[in-house]
Amino acid sequence: MSVNVCLYLISRLRHNVNTRTARLVRSSRHAVSGPVSLHREHPVCTVVSSRNCSSSSKPPDTSLFLPLTLKTDLSAEGSVGAELTQPLDKSELLKIANRFYKRKEMQKLAADNGLDARLFHQAFINFRKYILEVPSLPADLHIILSDICCGAGHIDDIYPYFMRHAKQIFPMLDCMDDLRKISDLRVPANWYPEARAIQRKVIFHAGPTNSGKTYNAIQRYLAAKSGVYCGPLKLLAHEIFEKTNQADVPCDLVTGEERTFVDAEGRASGHVACTIEMCSVTTPYEVAVIDEIQMIRDPSRGWAWTRALLGLCAEEIHVCGEPAAIDFVRELMYSTGEEVEVHTYQRLTPFSILDSAVESLDNLRAGDCIVCFSKNDIYSISRQIEARGLECAVIYGSLPPGTKLSQAKKFNDPDDPCTILVATDAIGMGLNLSIKRIIFNSLVKPNVNEKGEKQMETISTSQALQIAGRAGRFSSKFKEGEVTTMHRDDLPVLKDILNHTVEPIETAGLHPTAEQIEMFAYHLPDATLSNLIDIFVSLSQVDGLYFVCNIDDFKFLADMIQHIPLNLRSRYVFCTAPINKKQPFVCTSFLKFARQFSRDEPLTFDWVCRHVNWPLAPPKNIKDLVHLEAVHDVLDLYLWLSYRFLDMFPDTAFVREIQRELDATIQEGVRNITRLIRATDPAITGPLQAQRNRVQTGASDSHSSGVRRSLSTSKGLKQTVDSSLANRLVRDGLLTSEILQQLQKEWSKEQKKESSNQSALDIKYHSNSNKDNKRKKRK
C-alpha cells in the first residue's frame, strides 16, 4: 500500500469518525426522551388510559440485565487500524480507559441513554477488557484510540464506541420502549375483545360458607342453554360435572389433567365444568359461574380469577364468594362498563364458638374434626387416636382426589366405625363432610408472602371462617356446628380472629402470557426464560387494582430445564406445569420428561412404567406412602402435558388406568396409616410425643399472649420434629430402631463420663481455691 493511499485513507476515516463522534455526543446531550415506534411485525398490547393508570414508568431493575458474551470476528478487517496508524500501547490504553470512566460528563450522557451507575460500571469493565484483549480492534475505534494516545484526540471521543459496545452486550437498551409497551399491564380488560364485544350481566352471590350462594348460582347454570362452571379445585369441578349430568343436562369435564366428553363421538356439550385455569375466554356461553372469587387476590393463582372475571364471554357472569370482594368486583367492572347486581345470603345452619378447649384427645367425640397445618401433626395425632382404640379418617393436600373422597366417604358413613377426622385446611373447599365440631390443633400455618418467602403466620379471619364453616353443614346430619381449639390458650385467640371482619379485597393478580414472553424473546433472543420473566416483571406497569403474581415456581422450573434445548413456546408450557417442587422425585421426573421431549422421542407407556418402576408394592411405612403420592403426581404431570403435546405423550389411557390402580393402593395405605406410622417410627414416637407435649406446656406457661403462644408452639414443634436428626433418619429409613437404641446407650455413657470428668475438675478447682485462700490468710 503506497504512502499517498495510506494518508488519504487515514484522513477520510478520521473525518468520518470525528463527524460521527460529534453528532452522537451532541445528540446524546440534547436528547429528548419520547416514545419509539415498534419496527417489528409483532402485535403490541394496546394501552388505553384509565382513571387508575400511571403515566410515569418505573425505572427497571438493572440488576436483572445480564451482559452477553460478544463473538468477535474481525477477520474481514484484519489489522487495518494498525496498518493505517500504529500498534496500540496496552498500558497507555488502560490509562485512557480509566480516565474515561472517571469523567462525570460521560456518566451523565450514559445515564441519559439508559445506563445507570450499575450498568455503566458493567459496560465499562467489559469495554476495557475488550479493547485490551481483542487482537485487532475495528479500524474506526483503533484510529480514535491511536489519536488519543498521540494527543490528537479528546478522551470524550471514545463515548460513541463505548455506547455501541454497551448496546451490544445489553441489547435491551436499544429496545427499552418496545419492552415497556409489551409489559404494560395497566388495562387487562382490553386483552379480551370477545368479552368486550358483548354487554355482560354480572351477578354477585355473596355470603359465608354453607349459605347456599353457590347452589343458587348453579341452579341458573343448569337452566341455561349453555354454561361454564369455573372452580378452584378438581374435586369441585368433578362434583359439578356429576351433579349436572345427574340433572339430565349433558356436561363435559375439563381440568389440567383430564378431558371427559359425555357425547360418545366426542362432540362438546353445551355445559362444561372446569378448573378455573382451564376456562375458555373465546367460547360463548349463556351463563358462567366463577366460584370462590375471593381467591382473586391469591399471590400465586389470583391471575386465573382475574382472567375469568374479565374475559369470560357469557351473557351472565355469576360470581360466588365472600362479601369482602363485593366492592372490589364493582371497581373492576367499572373498567368494562358493566354493572354488578348483588345477592346476599345468610348461613343456613348456625355454628357457635365453645367456651372451653378440648385439651386432651380423651375428650374427643363422634363428628369431631381436628384441623392441623402439617403432616407431622396429622401422623402424630392419628397415632394417638388409634392408641385410644378409636378409628379416624385422614385428609391432607397431597393425597390424590380419589383418596380424599374415599376418606370423606368413610368419615360420613354412619355405619362405619370411623367417627373422627384428622385433616389439614384442605377440607376448607371441595369436600362435603358431616362434621359436628371443628377443633383447631394450632392457629399458625406456613404461608408464602408476596416476595415468595415462606413464613409462619397466624391464620387470617377469612381462612378461619372457611374452615370453621365446615361444621354443621346444611346437608349433613348435624344441624348446628361447634368450633373450638385443642389448647386452652388458643381459644381466646380464635375468638378474636373470628370476631374480626374479613379484610376487604383490594387487588387482583395478573400473570404474563406466553405471547408477551415471546415478544420479549424476539427483542432479547439470547436471554434465558427465567431472565426474560424477571425483566418482564421489573418493567411491567400495573395500576392500583392489580399486582403481578408470584413467579418463583415458574422460574424454578425454568432454571431447572434451561440447559435442555427447547423452543420458547414449549419451554414456557413446561414451566407452567403444576408440580410440587418439594418432591425430589417429581422434580427429577419433570427434568427427564423435558429431556426426552427435547430429543423428539415420544414418552410411551413403557417408558413411563420403567421410570416409575411400575408395578409398585403397597406401602410398608410412611416413606413408602409419600413416594406413592409423588408417583401419582408424576402421572398427573404426564396427563397434564399430554393435553398440550398430544403426539409426544400418546398413551394417556394407559397412564390413567395405572393411576387409578395407584390411587387404590394409596387409599389402602391411608386406611392403615397408623400401622404405617408404627412401622416408620416404633422407637421414638412415644418419647417424641412426650417431648412435644413438654414443649407445648412450656410454651403455654411462658407466653401470656395467645398469638405469641401459637407461634412459639409451632416453632417448638418444628424444632422438635423436623430438626431432630434421629427422627429424620428413622423417618427416611436411613436408621433402624435398633441402631438408634444403641446410639442412645452410647450417648448416655458419654454423658455420664463427661459428667464424672466435669465433677473431678470441679473438685480439683475447689481444692485449689481452698489452698489459695489458706495461703492468703497466713500472709
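Start with α24 and α25: α24 passes α25 in a left-handed crossing (the near helix is turned anticlockwise from the far one by less than a right angle). This is a predicted model, in which local features need pLDDT of at least 70, side-chain atom pairs count only at pLDDT 80 or more, and totals for chains, interfaces and linings use all residues. Residues are numbered from 1 along each chain as its sequence is written, and side-chain values use heavy atoms, without hydrogens and water.

Select residues 622-642 for α24 and 652-671 for α25; their axes come within 10 Å and cross at roughly 155° (axes are lines fitted to C-alpha atoms over the stretch in contact, with angles from 0 to 180 degrees between N-to-C directions). That makes α24 roughly antiparallel to α25 (over 145 degrees). Helices here are DSSP runs of H or I, at least four residues, numbered from the N terminus.

Next, select Phe162, Ile293, Leu309, Phe574, Phe593 and Phe649, the residues with the most contacts inside the largest nonpolar core, which has 162 residues (buried nonpolar residues joined through side-chain atoms within 4.5 Å). α24 gives the most to this core, with twelve residues.

Finish at Asn531 in helix α19, residues 529-539. Asn531 is buried, at 9% relative accessible area (buried means under 20%, with a 1.4 Å probe, protein chains only). Leaving aside neighbours within four places in sequence, Asn531 is in contact with Leu64 and Leu66.

Conventions:
Helices (H or I, at least four residues) and strands (E, at least two) are DSSP runs, numbered from the N terminus. Angles under 35 degrees count as roughly parallel, over 145 as roughly antiparallel, 65 to 115 as roughly perpendicular and the rest as oblique. Buried means under 20% relative accessible area, exposed over 50%, partly exposed in between (1.4 Å probe, protein chains only). Contact means heavy atoms within 4.5 Å.
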